[in-house]
Amino acid sequence: MMPSDNLTTYLVIGAFLLFVGLYGMIRHRTLIGMLISVELMLAGAGVNFLAFNRFTAPDPAVGQAFTLFIMGIAAAEAAIVISLVIAVHRRFHSVDPQAIDDLRG
Amino acid sequence: MIVYRYLAECIFFGFIALIFFGGLLTVRARLLMHAVLGLAVAFIGVAGLFFHLGSPFMAMMQVLIYVGAVCVMLVFGVMVGQAPTRTGQPRLTGHNRQLAAGSCGLGFVLLTATLVRTRWAAAAERVGDFSMQHLGESFLHRFVLAFELISVILLIAILGAIIIARSPEEKTPS
């Protein structure tokens, strides 16, 4: 059996994206870097959904629809996080999460 | 015909290599701009996997939404947030970084071992197919509520992003 016809190949790639994203989230010390890592983890989730959709799901439209919804949510999340980063940068003049410890409002 | 099959397999491994190097570039880059570049490369690899998984529509959407929209937005965020030449300081110290890499690698190995041992059962019978027509009908019949809610969420997100990012001293013209 070819590796591209095997469900496990895709699941391992999804797991790789998940843990690379997790490591990047720990390692990057800026808000934008953490957002980039979260996008990687979401891509891993999308790969998993489409892989199960291709190999085990009874209706192939379900996984594709769900992956498209993940993409929509991720785009909205990225837009909001970037606007938050711009607001934080304007107020604190830094995008380091350690520097943002001021809650006076 | 078998030649095309092996060619498709080679392309498949090429996409896996794109994901691998893109992911590693994303987490190991010293400049945030390089991290966004790695993210775009990894997303193109994921789009190739979607093509192999039988949904060219999702592959196109992946390129269009992630590579085209999200990565460009991230580039803007990087350029607005800080000078693109500056690295993401302060970084983790050596000990903590090894700890993070070790625990993530261990988690990956454990999850991979679990995945390889698991036997997944396919559905007994399949309804529908991978065609665009079936997907479109599902969107407008079965998932119509979620589909419309996504539009509302995107609209609210765009409005909220504009309101949050607007400069506070700027007054509304009314």
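What follows is a chat about a predicted model, covering confidence, folding, the core and the chain contact.

Q: What is the mean pLDDT of chain A?
A: The mean is 87, and 96% of the residues of chain A reach 70 or more.

Q: Where is confidence lowest and where is it highest in chain A?
A: Helix 3 of chain A is lowest, at a mean of 87, while helix 1 of chain A is highest, at 93.

Q: Switching to chain B, how many helices and strands are there?
A: Chain B has six helices and zero strands. Along the sequence that reads α-α-α-α-α-α.

Q: And how many of the residues of chain B count as buried?
A: Of its 174 residues, 24% do.

Q: OK, the core now. Which residues touch the most other members of the largest nonpolar core?
A: That core has 64 residues, and the ones touching the most other members are L17(A), I32(A), V47(A), A78(A), V36(B), L39(B) and V46(B). At least two core residues come from each of these: helix 1 (7–27), helix 2 (31–55) and helix 3 (60–92) of chain A, and helix 1 (2–28), helix 2 (32–52) and helix 3 (56–81) of chain B.

Q: What does L17(A) touch, leaving out residues up to four places away in sequence?
A: L17(A) touches L40(A), M41(A), A43(A), G44(A) and V47(A), and also I19(B) and G23(B) from chain B.

Q: Is helix 2 of chain A mostly covered or mostly open?
A: Mostly covered, with 20 of its 25 residues buried.

Q: What span should helix 2 of chain A have, at 1.5 Å a residue?
A: Its 25 residues should span 36 Å, and the end C-alpha atoms are 37 Å apart, so the two agree.

Q: Last one: where is L84(A), and why is it called partly exposed?
A: L84(A) sits in helix 3 of chain A. L84(A) is partly exposed because it has 17 other C-beta atoms within 10 Å, and a buried residue would need 20 or more.

Note on methods: Residues are numbered from 1 along each chain as its sequence is written. Chains are lettered from A and ligands numbered from 1 in the order in which they are written. This is a predicted model: local features need pLDDT of at least 70, side-chain atom pairs count only at pLDDT 80 or more; totals for chains, interfaces and linings use all residues. A nonpolar core is a set of buried Ala, Val, Leu, Ile, Met, Phe, Trp, Tyr and Cys residues joined through C-beta atoms within 7 Å. A residue is buried if 20 or more other C-beta atoms lie within 10 Å of its own, exposed if 12 or fewer, and partly exposed in between; C-beta atoms are placed from the backbone. Helices (H or I, at least four residues) and strands (E, at least two) are DSSP runs, numbered from the N terminus. Two residues are in contact if their C-beta atoms, placed from the backbone, lie within 7 Å. pLDDT is the predictor's confidence in each residue, from 0 to 100. The expected span of a helix is 1.5 Å times one less than its number of residues.
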